[in-house]
Amino acid sequence: MGNTSSMLTQYDIEEVQEHCNHASDEFLSVPEFAVNPLSQRLLRMLNNLNFKEFVGFLSAFSPRATLQQKIEFIFKVYDTDCNGKVTFNDLLDVLRDLTGQFISEQQREQVLTHVLEEAGYKKDALLVLSDFMKILGNNGLKMEVEVPVD
């Protein structure tokens, strides 16, 4: 590195692009990712990312990621339509992914309604990133899968 500059050759770029075509297989080969009930949702988030966005995606899993970066990532997981708002149904979709067949739809709705009320929100609230910051910002959030980047 030092004083020399690095340039990617056309071959390097094509190799990276080819490798990216198999990114989902690579992610699913990580045991913690493969068993994560949100893995398919996370893989959908990878679709159509450019390189900078991809690195940003991965940075949320770094032990060096700030709490704000982690919360922003979590918000994106819930904001599936990328409109900057998370609805009750968005939350319910994620809860459905997390619980599978272990609880009924009615139980999921009751749990989610209760959690929202405990946090000071109603069922019809549209949560934005600042709401996620307020709710998760004081919880000492730790990502379960952290990928060392050293």
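The legends below accompany close-up views of a predicted model.

**View 1. The largest nonpolar core of the predicted model.** This core contains 27 residues, and those with the most contacts inside it are Phe57, Phe73, Tyr78, Leu91 and Phe132. At least two residues of the core are supplied by each of the helices α4 (39-46), α6 (67-78), α7 (88-99) and α8 (105-118). Helix α6 provides the largest share, with six residues.

**View 2. The surroundings of phenylalanine 132.** Phenylalanine 132, listed among the core residues with the most contacts inside the core, is shown here with the residues that it touches. When residues up to four places away in sequence are not counted, phenylalanine 132 is in contact with Ile71, Ile74, Phe75, Tyr78, Val86, Leu91, Leu127 and Gly137. Two of these partners, Tyr78 and Leu91, are themselves named among the core residues with the most contacts inside the core.

**View 3. The crossing of helices α4 and α6.** The axes of α4 and α6 come within 10 Å of each other and cross at roughly 95°, so that α4 is roughly perpendicular to α6. On the α4 side the contact involves Arg41, Leu42 and Met45, which meet Phe73, Lys76 and Val77 on the α6 side. Sorted by residue class, the contact of α4 with α6 consists of four nonpolar residues, no polar ones and two charged ones. Phe73, which takes part in this contact from α6, is also one of the residues with the most contacts inside the largest nonpolar core.

View 4. Arginine 96 counts as partly exposed at 30% relative accessibility, as does aspartate 93, with a relative accessible area of 31%. Glutamate 105, at 28% relative accessibility, is likewise partly exposed. Arginine 108, by contrast, counts as buried because its relative accessibility is 6%, and buried means under 20%.

**View 5. Threonine 99 and proline 37.** Threonine 99 is found in helix α7 and, with a relative accessible area of 14%, is buried. Although threonine 99 and proline 37 are 62 residues apart in sequence, their C-alpha atoms are 8.3 Å apart in space.

**View 6. Cysteine 82 in the loop between α6 and α7.** Cysteine 82 has its place in the loop that lies between α6 and α7. Its phi is positive, at about 55°, although cysteine 82 is not a glycine. Is cysteine 82 buried or exposed? With a relative accessible area of 68%, cysteine 82 is exposed, because the exposed class begins over 50%.

Notes. Residues are numbered from 1 along each chain as its sequence is written. This is a predicted model: local features need pLDDT of at least 70, side-chain atom pairs count only at pLDDT 80 or more; totals for chains, interfaces and linings use all residues. Side-chain values use heavy atoms; hydrogens and water are left out. A nonpolar core is a set of buried Ala, Val, Leu, Ile, Met, Phe, Trp, Tyr and Cys residues joined through side-chain atoms within 4.5 Å. Buried means under 20% relative accessible area, exposed over 50%, partly exposed in between (1.4 Å probe, protein chains only). Helices (H or I, at least four residues) and strands (E, at least two) are DSSP runs, numbered from the N terminus. Contact means heavy atoms within 4.5 Å. Axes are lines fitted to C-alpha atoms, for helices over the stretch in contact, and angles run from 0 to 180 degrees between N-to-C directions. Angles under 35 degrees count as roughly parallel, over 145 as roughly antiparallel, 65 to 115 as roughly perpendicular and the rest as oblique. Ala, Val, Leu, Ile, Met, Phe, Trp, Tyr, Cys and Pro count as nonpolar, Asp, Glu, Lys and Arg as charged, and the others, Gly among them, as polar.
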